[in-house]
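Me: I have a structure open and want to talk it through. Can we start with how the strands are laid out?

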Amino acid sequence: MEKPAILFVCLGNICRSPLAEAAFRDAAEKAGLEAEADSAGTADYHVGSPPDPRSVEEASKHGIDISGYSGRQLVVEDFDRFTHIFAMDHQNLRNIEALRPEGTRAHVSLLMDLVPGREGAAIADPYHDGEEQFEYTWEDVDAAAKALVKRLCR
């Protein structure tokens, strides 16, 4: 079986997608699943920037250091590099699909489609909200990461 390669995508790649990447890496490691993981943004606002300090703090609460992550923008090559590309919300899903070339291998969907009862739900962008919103973001991405690892381990 091919080693899974997972890409998590939000708008700027400093809040939601780095947290999703971190949650997945943690869940995969705990399950003994070998997988590649990365995150990206559909916009170029934060290319080369570290994650939002509130995301770094939230990941740290769960024993994960994401301070070394670096923002990058989704590129056409990602559609052949990754087996799965997960969008954090509907607008980013549309942005991903608009960039997606014909005949590429990546399966593209919303991240919350993995969580029973949450299919079609978006992960709210905590960027403009209070710090408690980052906790809610973590809860969503962590639930999805665990569901994804469970699915990939079958």
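Reply: Ground rule before the strands: two strands pair if DSSP finds at least two bridges between them. Helices (H or I, at least four residues) and strands (E, at least two) are DSSP runs, numbered from the N terminus.

Me: And what kind of model is it?

Reply: This is a predicted model: local features need pLDDT of at least 70, side-chain atom pairs count only at pLDDT 80 or more, and totals for chains, interfaces and linings use all residues. Residues are numbered from 1 along each chain as its sequence is written, and side-chain values use heavy atoms, with hydrogens and water left out.

Me: OK. How many bridges join S1 to S3?

Reply: 4 bridges join them, and the two strands run parallel. Ile6 sits opposite His84 in S3.

Me: What does S3 pair with on from there?

Reply: S4, again parallel, through 4 bridges. There His84 has His107 of S4 as its bridge partner.

Me: And S1 with S2? In which sense do they pair?

Reply: Parallel, over 6 bridges. S1 covers residues 5-10, and S2 covers residues 36-41. Cys10 stands opposite Gly41 in S2.

Me: Is S1 buried or exposed?

Reply: Buried means under 20% relative accessible area, exposed over 50%, partly exposed in between (1.4 Å probe, protein chains only). By that rule 6 of the 6 residues of S1 are buried, so the strand is largely enclosed by the rest of the structure.

Me: Which way do the S1 residues point?

Reply: Ala5, Leu7 and Val9 point one way. Ile6, Phe8 and Cys10 point the other way, and all are buried. In a regular strand the side chains alternate between the two faces of the sheet.

Me: What about S3?

Reply: His84 and Phe86 point one way, Ile85 and Ala87 the other, and all are buried.

Me: How many residues of S2 are buried?

Reply: 5 of the 6, so S2 is largely enclosed by the rest of the structure too.

Me: Switching to charges. How many salt bridges are found?

Reply: A search of the whole structure gives 14. A salt bridge here is a side-chain nitrogen of Lys or Arg within 4 Å of a carboxyl oxygen of Asp or Glu. Side chains of opposite charge can pair when their charged atoms come close.

Me: What does Glu36 pair with?

Reply: Arg81, with the closest N and O atoms 2.6 Å apart. Glu36 lies in strand S2 and Arg81 in helix H3 (residues 78-81), so the pair ties together parts that are 45 residues apart in sequence.

Me: Are those two buried or partly exposed?

Reply: Glu36 is partly exposed at 26% relative accessibility. Arg81 is partly exposed as well, at 38%.

Me: And which residue forms a salt bridge with Asp38?

Reply: Arg72 does, with the closest N and O atoms 3.0 Å apart. Arg72 is in the loop between helix H2 (53-61) and H3, and Asp38 is in strand S2, 34 residues apart. Asp38 is buried, with a relative accessible area of 17%.

Me: What about Arg100?

Reply: Arg100 forms a salt bridge with Glu97, the closest N and O atoms being 3.7 Å apart. Arg100 is partly exposed at 26%, and Glu97 is partly exposed at 37%.

Me: Which residues do shared partners join into one network?

Reply: Glu36, Asp38, Arg72, Asp78 and Arg81.

Me: Where does negative charge gather on the surface?

Reply: In a patch of Glu57, Asp129, Glu131, Glu132, Glu135 and Glu139. Patch residues have over 30% relative accessible area and no salt bridge, with like charges joined within 9 Å. Asp and Glu count as negative. Each charge is placed at CG of Asp or CD of Glu.

Me: Which helix gives the largest share?

Reply: Helix H5 (residues 132-152), with 3 residues. Glu132 is found in H5, and Glu132 counts as partly exposed at 45% relative accessibility.

Me: Last topic, the loops. What is phi of Asn13?

Reply: Near 65 degrees, a positive value in a residue other than glycine. Asn13 lies in the loop between S1 and helix H1 (16-31). Asn13 is buried, at 3% relative accessibility.

Me: And where does Arg118 lie?

Reply: In the loop between strand S4 (107-110) and H5. Arg118 is partly exposed at 30%. Arg118 and Ala144 are 26 residues apart in sequence and 9.5 Å apart in space, C-alpha to C-alpha.

Methods: Patch = residues over 30% accessible without salt bridge, like charges linked within 9 Å, V, L, I, M, F, W, Y side chains within 5 Å. Areas by Shrake-Rupley, 256 points an atom, 1.4 Å probe, with all protein chains shown as cover.
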